[in-house]
Amino acid sequence: MRLRCPICGERDRREFYYQGAAVMLDRPAPDAGEAAWDNYLHLRENPAGDLEEVWSHDAGCGAWLKVTRNVSTHEIKSVELAREVKQ
Amino acid sequence: MADLIAKTPLDSMEPVTIGTCTVTEANLGTLTSIAPYAGAKIADTFKTAHGMAWPAPNRATGKDGARAIWFGRDMVLLAGPDPDAGLAKHAALTDQSDAWTAVTLGGADAEAVLARLIPLDLSPANFKRGHTARTQIQHMTGSVTRIGADTFLLLVFRSMAGTLLHDLERAMASVAVRG
Ligand SMILES: [Zn+2]
């Protein structure tokens, strides 16, 4: 599997660290309430298709990336800098 | 205070030649990471101060004795001169001089040797002089830069000096034995 880092270009999967579902980019407000925080910390969708994820190019440029990956086929649909997604 | 003797990461080893390739410890001088603050415009200041361009991602500028090596997202490594004080207005400057092992690998089979260690296409068509990458060198995170037609500059953390030399020697021997 290869990922196209927006900064470094296409790189082998071994250069990346997998963090988890991209829900981590949507941190609830401190006062959002127990349900929102429970959902943010513990509850994840489990689709057999496209999933938005957070990866780190930790053996490359160090950027955090938002990756859309088909978890059934491992097809990489898109890779964006998490910094730009957040802004 | 005792008179302490500074050792280089590879203890000033003699160059090692196996087959067509030679590993040489490189003394790059002062190493400074330059991390521009958000929105900072550092390129002109840098060029005026150090006489070389601020490198784009995956590129290195300068030459032997004074290089600017792109070193990751929003970071450049200045190798050689002490950083100009004016840069501090635009960026966080951190002395890294004792933190890195630097070697050059040169020789006709240098690309074949590195192909055993680095998961990148380093052929001249794809990785020209002045191209650089942050990537893996065997199991280490490192920096690789093409500084000549058949010469590469490699950097890994200082604590990995022995492992880098070991991995390079194994790869050089493996290429050499194929003749
Ligand atoms: Zn990258």
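In the predicted model, the site of the zinc ion is tetrahedral, the angles among its four donor atoms running from 102 to 118°. For reference, the ideal angle for four tetrahedral donors at a metal is 109.5 degrees. The protein donors are the SG atoms of Cys5(A), Cys8(A) and Cys61(A) together with ND1 of His57(A), and these lie 2.0 to 2.5 Å from the zinc ion. Along the sequence, the donor residues follow the spacing C-x2-C-x48-H-x3-C. Because Cys8(A) is placed in the loop between β1 (2-5) and β2 (9-12) of chain A, whereas Cys61(A) is placed in the loop between β4 (50-56) and β5 of chain A, this pair ties together parts that are 53 residues apart in sequence. Cys8(A) and Cys61(A) are both buried.

Strand β5 of chain A, which spans residues 64-70, runs antiparallel to strand β6 of chain A, residues 76-81, and five bridges join the two strands. Within this pairing, Val67(A) has Val79(A) of β6(A) as its bridge partner. The two strands form a hairpin with five residues between them, and in the turn His74(A) has a positive phi of about 65°.

In the pair formed by Glu52(A) and Lys66(A), the side chains meet in a salt bridge with an N to O distance of 3.4 Å.

In the pair formed by Glu53(A) and Arg69(A), the side chains meet in a salt bridge with an N to O distance of 2.7 Å.

Over all chains, a search of the whole structure finds twelve salt bridges. Among them is the one in which the side chains of Glu10(A) and Arg4(A) meet, at 3.4 Å from N to O. Glu10(A) is partly exposed, its relative accessible area being 38%, whereas Arg4(A), with a relative accessible area of 52%, is exposed.

In chain B, Gln96(B) is located in the loop between β7 (91-95) and β8 (100-107). Gln96(B) counts as buried, because its relative accessibility of 17% lies under 20%. The side chain of Gln96(B) is joined to that of Trp100(B) by a polar contact of 2.9 Å. When the neighbours within four places in sequence are left aside, the residues in contact with Gln96(B) are Leu31(B), Thr32(B) and Ser33(B).

Note on methods. Residues numbered from 1 in each chain as written. Chains lettered and ligands numbered in written order. Predicted model: local features only at pLDDT ≥ 70, side-chain atom pairs only at ≥ 80, totals over all residues. Heavy atoms only, no water. Helix = DSSP H or I, 4+ residues; strand = E, 2+ residues; numbered from the N terminus. Buried < 20%, exposed > 50% of the residue type's maximum accessible area, 1.4 Å probe, protein only. Polar contact = N/O pair within 3.5 Å; in protein donor to acceptor, adjacent residues only side chain to side chain. Contact = heavy atoms within 4.5 Å. Pairing = 2+ DSSP bridges. Donors = N, O, S within 2.8 Å, 3.2 Å for Na, K, Ca; no water. Tetrahedral: all angles 85-135°; square planar, octahedral: opposite > 155°, others 65-115°. Salt bridge = Lys/Arg side-chain N within 4 Å of Asp/Glu carboxyl O.
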